[in-house]
Amino acid sequence: MDASGVGGPRGVLLVGAGAMGRVHADAWAEIDAPVACVVDPDGGRARALADRAGAHACTDLQAALARHPIGRGRAVEAVDVCVPTPAHVSVLAALPAGRYLVVTERPLGRDPAEARAAASAARTAGYDLFVAHVVRFFPAYRAIAETVRERGADDVWHARLTRIGPAPRGAGDWFLDEGRSGGIFLDLMIHDLDFALDLFGPPGAVVARAGGAQAGGAARHGAAWLSYPGRRVVHLEASWMYDGPFTTAVDLNAAWGTLALEPQSPTLELPAADGDGGGRRARAPLARTPYGLELEAAWRAHAAGKAPPVDADAAVRAVRLASLCRDSARLGRTLPWPGDAP
Amino acid sequence: MTARLPLGMLGVAHVHAAGYAAWLRAAGSASLVGFVEPDDTLAAAFARATGARRLADAAALAAAGARAVIVAGDNAQSGPALAGALASGLPALAEKPLGLDPDATAPLVRGFAAAGLPLATAFPMRFAPSVTALRDAVRAGELGEVVALVGENVGRFPGLWFGDPARSGGGCLTDHVSHLADLFGWILGRAPVAVTTVPGCDLDNGTERTAGLVLDYPDGVYATIDPSWARPESYPTWGGLSLSVVGRRGTGSARPFARRVDAWLLPPRWLRDVDDLDAAMLADFVRAVRSGGVPRATGMDGLAALRVVRAAQASLRSGRPSAVDRTGGAGEEA
């Protein structure tokens, strides 16, 4: 595809003006796709982001849909759902039928049933659902995936996938509320679980542990092994208990070689501004952010009539694997992958 | 200046044997009086390389003046070698694991203690400054209550006898579980209750090449150990070891092999910028022999690690968690 106007939709309806909503608004701008409307029940928050994006603000989804009819070929042909995980199903189910693009943040649901309900809502309405497993779009991760496919995933006998950082600061810290975010496996480790699924498919069994909960809260650290008997093991660590900058790493070993993304922060760390009290400012070192890349890829697939680069089935599978890890940690047992039965 | 302590080597089939011999030649505090090695070809090569005399057994080493021995044969030879050293009244520094069967090793460990002979296990990682600093930080409460430990000791398949279960006792589990099992016990001051192992892939003969461990400690502390022989032939070095301790006040990581020079030679390789941990360990053993003191990693520590190895193997076979025999405690203070 050349650059002649297939970069993005002519208008986007953005649902959710929290941290991810702000990131996605910038990412749409990166591919020159204007956000037409920002919806958030918190009117002040909706207005603040709408002003920044040059969009119209709205506190009610149905009102926004009435004002901005969405559909294939219309001025608004994409809906971006950046609401907290528990609201995914209700928002996805409230969207009208049509052949437009819907983007939603991962995890698709807090458990397999919720994820399947979300996938089913998308199927019923007929829109293209892209689930924003953004890690697949980081250039380094994409290069690793391409190299594995080129050299042969069957010969990969070992991988370690690491994702550690301080606790995220979200509205009301809902990330740390397992009932709302799904916890460390569903909210954080799922990035790498999806990456492993994309490379290797489902494992034979998983064993996981979690800990570090604060009083009344959810685990802030998790570790898991995916066992592919006769093939490989994959170790995953996800943590909100690391004091340094948010850091990810890949260490993948095969008969044909090693692919190592050394532990690194994806951001450029700068000294704190004067009087900032020791905080760090961070900027992305890439001209194209992975968020812009994922939205562009999703839009291009939609425009070409192809399946989304991460579709509902893949997203449901990631939720199922993350839930299996969570169950293994809760029960203290090794659990087999239950197969592809629904 | 003190006279050099004469040492013998009981078995030289281990990959570390040549390094130990080199240290004995170079160090001012000890010397090599002779070695025992059942394999004629290996013995001839070792004699050529070191100029040391080949002798029949531990008793012959003692008769030749050895005051202690280094046990560095294959894993199957460790038990009999320790029994020989004990019978000849020789303190020993032994390669890990201390034999193949903890129940056979335990009486030997008790025997050394009863005879007042120092018995050290070759756990050189206890001499890495980053590891000792991490342990000190945990012990001082700087990380708060410990939640989890994560360790990897991932390397190339070492070849030689390491893939032959009759001589090694197993695959990557026997080779690479014990260092981290020991360090975790040393840091926490206690042994795991249970070990769960999940399978990866095998060598051509069915011996495990990659596998994953979960260790459960009392009070809900958990750990993972990655012992895999996963590094390919093209990897720029043999492998490495690193560990993190996740505490409620912060996470501490030790990466003793992280400093390096990337050398873009053909083939590329890493030139490690590390301390000579074997030298520190050998010096500690010589000190223990001279003073009758306790080495930093004792036979009891080696036995505790061997029990974790055995539990890991049992779990790999059964597919279920395996209880760890905790008699004769891991992490016992020296």
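In the predicted model, Ala46(A) is found in helix H2 of chain A, which comprises residues 43-53. With 26 other C-beta atoms within 10 Å, Ala46(A) is buried, because the threshold for burial is 20 or more such atoms. Residues up to four places away in sequence being set aside, Ala46(A) touches Ala17(A), Val38(A), Val39(A), Asp40(A), Ala57(A), Cys58(A) and Thr59(A). By contrast, Ala153(A), 107 residues apart from Ala46(A) along the chain, has its C-alpha atom separated from that of Ala46(A) by 45 Å.

In general, the strands of a sheet pair through backbone hydrogen bonds, in either a parallel or an antiparallel manner. Here, strand S2 (residues 35-39) of chain A pairs with S3(A) in the parallel sense over 3 bridges.

When neighbours within four places in sequence are left aside, the contacts of Val38(A) are Leu14(A), Ala17(A), Ala46(A), Leu49(A), Ala50(A), Ala53(A), Ala55(A) and Ala57(A). Val38(A) also belongs to the largest nonpolar core, which holds 214 residues and in which Leu13(A), Val38(A), Val102(A), Met189(A), Met9(B), Val69(B) and Val71(B) touch the most other members. In soluble globular proteins, nonpolar side chains tend to be buried together.

Chain B has 11 helices and 14 strands. The radius of gyration of chain B is 19 Å, close to the 20 Å that the globule rule gives for 334 residues, and chain B is therefore as compact as a globular protein of that length. Its C-alpha trace spans about 55 × 50 × 40 Å along the principal axes, and 54% of the 334 residues of chain B count as buried. Of the contacts in chain B between residues at least 6 apart in sequence, 71% join residues at least 24 apart.

Chain B is divided into domain 1 (5-117) and domain 2 (129-275 + 299-323), whose centres, taken over C-alpha atoms, are separated by 25 Å. The contact between these domains takes 16 residues from domain 1 and 18 residues from domain 2 of chain B. On the side of domain 1 that touches domain 2, helix H4 (75-87) and helix H5 (102-115) of chain B each supply at least two residues, and H5(B) gives the most, with 5 residues.

The contact between the two chains takes 30 residues from chain A and 29 residues from chain B. On the side of chain A that touches chain B, the elements giving two or more residues are strand S7 (156-164), strand S8 (205-211), strand S9 (221-228), strand S10 (232-239), strand S11 (247-254) and strand S12 (257-264) of chain A, and S10(A) gives the most, with 5 residues.

Methods:
Residues numbered from 1 in each chain as written. Chains lettered and ligands numbered in written order. Predicted model: local features only at pLDDT ≥ 70, side-chain atom pairs only at ≥ 80, totals over all residues. Helix = DSSP H or I, 4+ residues; strand = E, 2+ residues; numbered from the N terminus. Buried ≥ 20, exposed ≤ 12 C-beta atoms within 10 Å, placed from the backbone. Contact = placed C-beta atoms within 7 Å. Rg over C-alpha atoms; globule rule 2.2 N^0.38 Å. Pairing = 2+ DSSP bridges. Core = buried A, V, L, I, M, F, W, Y, C linked by C-beta atoms within 7 Å. Domains from an automatic or database assignment.
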